[in-house]
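The sequence and the model come first.

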Amino acid sequence: MTARPPSRKTPPVTFLPSATAADGPPKEAKPKAKRAAAAPKARTANPSRGVRAAKPLTPADRERLLAGGHHDPHSLLGARISRAGVELRVLRPFAKAVTVLAKGLRAELYADGDGLFSGVLPMRTVPEYRLLIAYAGEGGEHEVEAHDPYRFLPTLGDLDLHLIGEGRHEELWRALGAHVITHEGVSGTRFTLWAPNARGVRVMGDFNYWDGAGFPMRSLGSTGVWELFVPGVGAGALYKFQIMRPDGSHTVRADPMARQAEVPPATASIVTESRYEWRDEEWLAHRGDRPVHESPLSVYEVHLPSWRPGLTYRQLALQLPRYVKDLGFTHVEFMPVSEHPFGGSWGYQVTGFYAPTSRMGSPDDFRHLVDALHHAGIGVIMDWVPAHFPRDDWALAEFDGRPLYEHPDPSRAAHPDWGTLEFDYGRKEVRNFLVANAVYWCEQFHIDGIRVDAVASMLYLDYSREQGQWTPNEHGGRENLDAVAFLQEMNATVYRRCPGVVTIAEESTAWDGVTRATHHVGPGGFGGLGFGLKWNMGWMHDSLGYVTHEPVHRKFHHQEMTFSMVYAYSENYVLPISHDEVVHGKRSLVSKMPGDWWQQRANHRAYLGFMWAHPGKQLLFMGQEFAQGAEWSEGHGPDWWLLDPSYAAEADHRGVRLLVRDLNAVYASVPALWQRDTDPGGFAWVDGNAAEDNVFAFLRYDTAGEPLLAVSNFSPVVRHGYRLGVPDEFAAWVEVLNTDAGTYGGGGVGNPDPLKAQETPSHGRPLSLELTLPPLGTVWLRPE
């Protein structure tokens, strides 16, 4: 018996992906010129087994299969019953021969050219079989035994496909991506990908020498999902997807659903499975016992790669929880930890939305860090970036040859500020990708809060766009209705599925109802966005503007410190002094302050005392807790050397750090400072109009009516006998915190003894106190 020739005189040239620095060269791939040569000669099968030639593929099927553009390779490859027996076809480029191994059977297939092998086995049913693949190498022929990926049924069920098609798969990460599974009794990895515009998809990786020609995936119905189970592939394997675009060209892409990626600048995805055993059950059980807006929340913002450069997640787990706990912060907030190619983006241009950055370790290593923080009693908030993504040609941009994750309208897709692409929130599958991603971080990594970056850029169609560069919505307005619906769905889903988690919006406009429930319609006709908290960008901008002025000029800007109370209860606020305020020429917090070094530190301390007493939660970026003078740089992080005892000015910086620790300690122990943050009854001005004095005095109350008096003097002079009205229920008051204390590097001016309330009316109250106000200082007093 002789083999039939290939169905074409000239075999088609199969696309070979070019090797990248990330992937490395194909380990055994031959040069294209050799591969495109004449098909290998057919080999005679074992005549004793009676293997006959299979019916040839049609020219169209053969061409599509070899080019990587067939939607259903399983209909051509693998084994199936025919009238003549069991027909079996295998695609293994570069193979010299393929032999079928089954119980009582060893049969060599015919070589059909271009890596195709086929034959009809004299059997009535499809047996359990394996393939013995022979390759010719420099050291002679060698053989590899493997399961045939094309003998397996699909690994995704109808429910998964239905939910994906509806855009309602809240655990999308379990359906898509790469998963190590046992399927039909065989271990391997299931690869699944959403690419509805692709003509064909092949999986390539270090397990097939980065040549996906022999591993085409099948399309599952009309969902746009492609699937292939590859036996023998396990955790740690590197992979990418080779996609044939609608125009017939090819692109090689990382997996959008990859749960681990190579360390940048390498870009391959990594098959991973978690083996981490959590130990924070008690933390999770009780984190939602009290609503976050009625709880103390003091946040230390951290850029993990630069907090202590060079540390891994596990090394950070030994140092960061101890440091934060000592300072008394209740939470840390991580700048984005999702995988990103360019470190200079600080994580805000994400390519791997489901993968913690591999710069500091594996996903389980990151889990260990979160677990360690929980054991220290510290919650974990992470920055999340669903507003945009970068244009890297191996990532999400025009993923399958057409706009997919981005909006199809180029004017809507291009982000005007950052050179990135905006998500298409109107596409249900994209919305599902993002909503499930928020849930993923909370459920798989036990994240306690999600701070959503750049919400304002999502909400407005005209954001950073001039007239004529944007199109109004269906009602003629500037609101992005799709983004509104997405944010509402994300918040509702997270709060429903993840008890105790808080969502936080970085929203810089006066959008109505950012922290209002989604089902409560406001004056603008929109339901609330459903966030738990919102960054108070107005307070940040105004208060920093005030303190940067010389004290002699501050009286002309007094309203910049009081205006925040006009709208303080319109939302549930966080007061942020974040990384954005200490980079790009804005100077560090202490360097913003006027005056000499002593005055700068005094202003810095007084400002923090004012901030911690003001209604709202607090957020402080790393380095500002010890008055770092230089701007932050992701290259070297905080200037820890300032706290080295051998440094001459170490005491100045350590004093500010001690103040931050005491601010947090008193804050946590005094419910008046946090229990009624969203209740106007929890605040009362004593004197908000002392512009000539640069003084601000107000009362905070807890639910039992216990007050705290906060007084800030932003002038560089001591004010003796400064009279302030106080509630008449309390006979005496004591100072519980003074930012001018000598321990903090101040002058020690204050009120060391209890102050007796005098029957001298002041500020509309029958009793008053005579205080000594330190220069550039804030004092807190409570009833004795």
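Two strands pair if DSSP finds at least two bridges between them. Helices (H or I, at least four residues) and strands (E, at least two) are DSSP runs, numbered from the N terminus.

## Basis

This is a predicted model, in which local features need pLDDT of at least 70 and side-chain atom pairs count only at pLDDT 80 or more, while totals for chains, interfaces and linings use all residues. Residues are numbered from 1 along each chain as its sequence is written, and side-chain values use heavy atoms, with hydrogens and water left out.

## The open sheet

Strands E10 (residues 186-194) and E13 (residues 225-231) form an antiparallel pair with seven bridges. Within this pair, Leu-193 has Trp-226 of E13 as its bridge partner.

The pair belongs to an open sheet of four strands, ordered E9-E10-E13-E12 with antiparallel pairing. E9 (177-183) and E12 (218-220) are the edge strands; each has a single partner strand, so one side of each lacks a neighbour in the sheet. On average, neighbouring strands here are turned by 35° against each other, direction ignored (axes are lines fitted to C-alpha atoms, for helices over the stretch in contact, and angles run from 0 to 180 degrees between N-to-C directions).

## The barrel and its helices

A barrel is closed by eight strands with parallel pairing, in the order E17-E18-E21-E24-E25-E26-E27-E28. Strand E18 (residues 331-334) pairs with strand E21 (residues 379-384) in the parallel sense through four bridges, and His-331 has Gly-379 in E21 as its bridge partner.

Helix H17 (residues 597-613) packs on the sheet, where H17 touches E17 (298-302), E27 and E28 (617-621). The direction of H17 makes about 145° with that of E28. Helix H13 (residues 537-547) lies across E26 (533-535) and E27, at about 40° to E27.

## Glu-571

Glu-571 sits in the loop between helix H15 (559-562) and strand E27 (573-577). Glu-571 is buried (under 20% relative accessible area, 1.4 Å probe, protein chains only) but has no salt bridge (a side-chain nitrogen of Lys or Arg within 4 Å of a carboxyl oxygen of Asp or Glu). The nearest side chain of opposite charge is Lys-534, 4.7 Å away. The Glu-571 side chain reaches the backbone nitrogen of Gly-513 at 3.2 Å and that of Val-514 at 2.9 Å.

## Pro-551

Pro-551 lies in helix H14 (residues 551-554) and is buried, with a relative accessible area of 14%. Beyond its neighbours within four places in sequence, Pro-551 is in contact (heavy atoms within 4.5 Å) with residues including Pro-594, Phe-714 and Leu-776.

Methods:
Buried < 20%, exposed > 50% of the residue type's maximum accessible area, 1.4 Å probe, protein only. Lys, Arg positive; Asp, Glu negative; His and termini not counted. Polar contact = N/O pair within 3.5 Å; in protein donor to acceptor, adjacent residues only side chain to side chain.
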